[in-house]
Amino acid sequence: RRALPRKGYRPWRNRAIVYCLIETGMRRAAVCNLDLGEVDFAQNSVTVREKGGQSHRYKISKEGAKAIQDYLREERGADQEMFPQSPALFLPPATVVNSSGRLTPRVVNTVWNEACRWANVKHKTPHAARHAMGRHIMNKTGNVAAVQRQLGHKNAAYSLQYARITDAELQDVVDER
């Protein structure tokens, strides 16, 4: 039997946050810095100011974009009444007082941990979603430049970590010959 949602619980927002993490590979702080005006549903992309003040455009899956649209339709309006001037995509619930109108990294951690608990996934952080995206792109394309472009690495050496292959993976490739 499931407990009733607590006051201020935002299932549509939380779903969209998790999708932003797993479907883009963006950092937790980037999710907090996302602005509503920087979501491009026509191009399935989101642009965010990253660490160091640089803007980066992430591609997002159609499913991830739909999760954001669902949040906008179902919940954001109610929270915007409390934070009418906030440009943030993800707003804290109206029950939060003395807020800047943006989520904090701690809230993103809480949302992520709840999703992991629900999915029975242990010992994963929001940053693990970034690594999973890098590995996914490398597995699908074999292209280090694609990883670099999606994850916003300035130095391709950071993207090369996703090109590593384990001994077991190498053995499988050799055995399939």
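**View 1. Strands E1 and E2 are joined by two bridges and run antiparallel.** Strand E2 covers residues 45–49. Look for Val39: its bridge partner in E2 is Val46. A quick word on terms: strands here are DSSP runs of at least two residues (E), helices are runs of at least four (H or I), and both are numbered from the N terminus. Two strands count as paired if DSSP finds at least two bridges between them. This is a predicted model, where local features need pLDDT of at least 70 and side-chain atom pairs count only at pLDDT 80 or more, while totals for chains, interfaces and linings use all residues. Residues are numbered from 1 along each chain as its sequence is written, and side-chain values use heavy atoms, leaving out hydrogens and water.

**View 2. Three strands make an open, antiparallel sheet.** The order is E1-E2-E3. Strands E1 (39–40) and E3 (55–59) sit at the edges with a single partner strand each, so one side of each has no neighbour in the sheet.

**View 3. The protein chain has eight helices to go with its three strands.** Starting from the N terminus, the elements go α-α-β-β-β-α-α-α-α-α-α. The C-alpha trace spans about 60 × 45 × 25 Å along its principal axes.

**View 4. Of the 177 residues in the protein chain, 36% are buried.** Buried means under 20% relative accessible area, using a 1.4 Å probe and protein chains only. Now for contacts, meaning heavy atoms within 4.5 Å: among those between residues at least 6 apart in sequence, 52% join residues at least 24 apart.

Key
Buried < 20%, exposed > 50% of the residue type's maximum accessible area, 1.4 Å probe, protein only.
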